[in-house]
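Q: I'm new to this one. Can you walk me through a few parts of it?

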Amino acid sequence: MFDSIKWLTVYEMILCLLQLCVLVRYAVPIARKSYRWLDFLPSAGMVIALLSFLAGDHSILALAFYFLTVLLFLCTLRRVFKPASIFEAPRRTLIKLTRVVSSLCGILFIGIAILSAGEIRYNPVSNFSSMSYSDAFVKLNERLAVEYPFGEWKRMDWEEQRKKYEPLFEQAEQTKDKALYYKTLVEYLASMRDGHIRIANEKVYDSPFYKQEGGGGFGLSSIRLDNGSVRVTLVLKDSPADQSGIRVGAEIIRWNGEEAEQAYRKTMWSDSPNTNQNENVNQGRFMVRAAIGQEVEIEFKNAGASEAITVKLKAYDDQYESLKKTKPQIVRGAPPVEGEILSNGYGYVRITSFLSNTALRSENSLSSWLSSQSSPDPAEMLKEKLESFLEKGVQGLIIDLRDNPGGEDALVVKMAGYFVNQEKRYSYASYYNRNTGKFERNSGEDYVIKPSKPYFNGKIAILVNGRTASSGEGLPLVLKGMPNVTIVGFTGTNGSFGIMTSPIIVKMPDGYTVESADGRALNEKGVIQGDGDYTGRGGAVPDVIIPLNEDTFTAKYMDGQDVEMEYAIDAMEK
């Protein structure tokens, strides 16, 4: 508990001390001399709470202290106006007991608040919205240089960042170019290659600036193979691409006057941060976008064709259909855990997220909230599946975490307990401490996986991809290296394993709010785990990396086969 005090602000520390003095005074049920100054402690607490509130501390932790401060003030107000030389205990046993119990509950309340201080600590919102573009950027860069959890890990040169982007922000403000400002801010954030740093209140689909440049589609999407060739993965029915004879599997040779691979690499736009693991997929989705009405010349060659064809296509307003069809979403109403026994006898479990009551999270009505209270716990759902598999003698298990965006680390820890037979470190949490000016470990978030029943000790294959992110990366990270576990995928997980408890929030000009992870996960050696480093490596790297070549592309995108599943089965049978 004492270690957690370091996360309190000075105001919170003073409030905590004042409250403990008052509660201990009332908890001791004996008559004794009364000191007049003690009667004014609750009033002093009210003043401190007001100052703290005006200073901007509206965190959950502070609100808890404010609540207790007001409660103590109201309960002891009488003594301010009716002092007594003797502090007497109530004569009635029931009243005496009530006062003692209430005081002890207050002390317990303070203890719980302090233990949780690291997670719910005060992290101020920086408001630079009234500044010029360049001044706001400089302030944002300065704050991230100090508080961004992965600055050293990624070897960020913040001064170079300032030199590179400040002139662009200055140009945007001088020319009043809102589009340039937006694009520069997006590019600056993307340069950190972190899935947790973003413009929180704006989506690329809603951006009028992206609408101008990429609001139009041609009815197709693409991906680049390991050998550099760009292939079509999606063709929308009756779209310009479809009407021009482009088919799934076609090779795009040239795009709008450039070699396809070159155009592919130059693609900047994305609807999610481009970490190394998901960049290839995102570039393929956004390369084939343009301004509505823009004509693009495409040279392509369909699979099995002998000659290439050159056509001109005009981008139309497809309401971002090609993007939406190529970005999986959590389906509202779908259970977070599903499973079955495959025809080959292996068990299969798909975990779509690590959110409690996923199916109801997006609904805000009272009926939805009430329903969620009786919804099954995802960990219990997994437990039931495993019990069923073990009863039927299943010897191998495939855990599908593809496109899992993450959720709650505590839930991951609970689920991981079914796959270990001894305690195993999941992670430590480390945050920037505003009192000491450095990153420190939070003892209140000491995640240890404890063995749980049922224990599954058969062969395990875990399917991942570049969209397996955040807490979704936790299970493959912690199970990787176990002799019965094989991780399988075309790429590793996203490499964005940062912690967001009290995120860094910065309000920028034109109404944009930048949000970043505020914490980093450490392994048992105290080293950052999961997040991509300065080389771009990060996340859970597959033990079996599936090549994206002619054969696997044909199987996955043209024949509709689940290539990852086939590789997982093959890995378990070896």
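What follows is a short chat about this predicted model.

Q: Which residues does UniProt list under "transmembrane region"?
A: The unreviewed UniProt entry lists residues 6–28, 60–77 and 97–118.

Q: How much of residues 60–77 is helix?
A: That span is 100% helix and 0% strand, and its end C-alpha atoms lie 26 Å apart.

Q: OK, helices. At what angle do α1 and α3 cross?
A: Roughly 40°, with the axes of α1 and helix α3 (residues 60–81) coming within 10 Å. That makes α1 oblique to α3. The crossing is left-handed.

Q: Which residues meet there, between α1 and α3?
A: From α1, the list includes L15, Q19, R25 and Y26; on the α3 side, F65, Y66, L72 and R79 are among them.

Q: You mentioned R25. Is that one buried or exposed?
A: R25, which sits in helix α1 (residues 10–27), is buried because its relative accessible area is 9%, under the 20% cut-off.

Q: What does the side chain of R25 make a polar contact with?
A: The side chain of D39, at 3.1 Å.

Q: Switching topic: how many residues of α16 are buried?
A: Six of the eight residues in helix α16 (residues 409–416), so the helix counts as mostly covered. The buried ones are D409, L411, V412, V413, M415 and A416.

Q: What covers the buried residues of α16?
A: The cover includes strands β14 (337–341), β15 (347–351), β17 (424–433) and β18 (438–449), along with helices α15 (378–391) and α17 (474–479).

Key. Residues numbered from 1 in each chain as written. Predicted model: local features only at pLDDT ≥ 70, side-chain atom pairs only at ≥ 80, totals over all residues. Heavy atoms only, no water. UniProt positions renumbered as here; feature names shortened; annotations may be inferred. Helix = DSSP H or I, 4+ residues; strand = E, 2+ residues; numbered from the N terminus. Buried < 20%, exposed > 50% of the residue type's maximum accessible area, 1.4 Å probe, protein only. Polar contact = N/O pair within 3.5 Å; in protein donor to acceptor, adjacent residues only side chain to side chain. Contact = heavy atoms within 4.5 Å. Axes fitted to C-alpha atoms, helices over the stretch in contact; angles between N-to-C directions. Parallel < 35°, antiparallel > 145°, perpendicular 65-115°, else oblique. Left-handed = near helix turned anticlockwise from the far one by under 90°.
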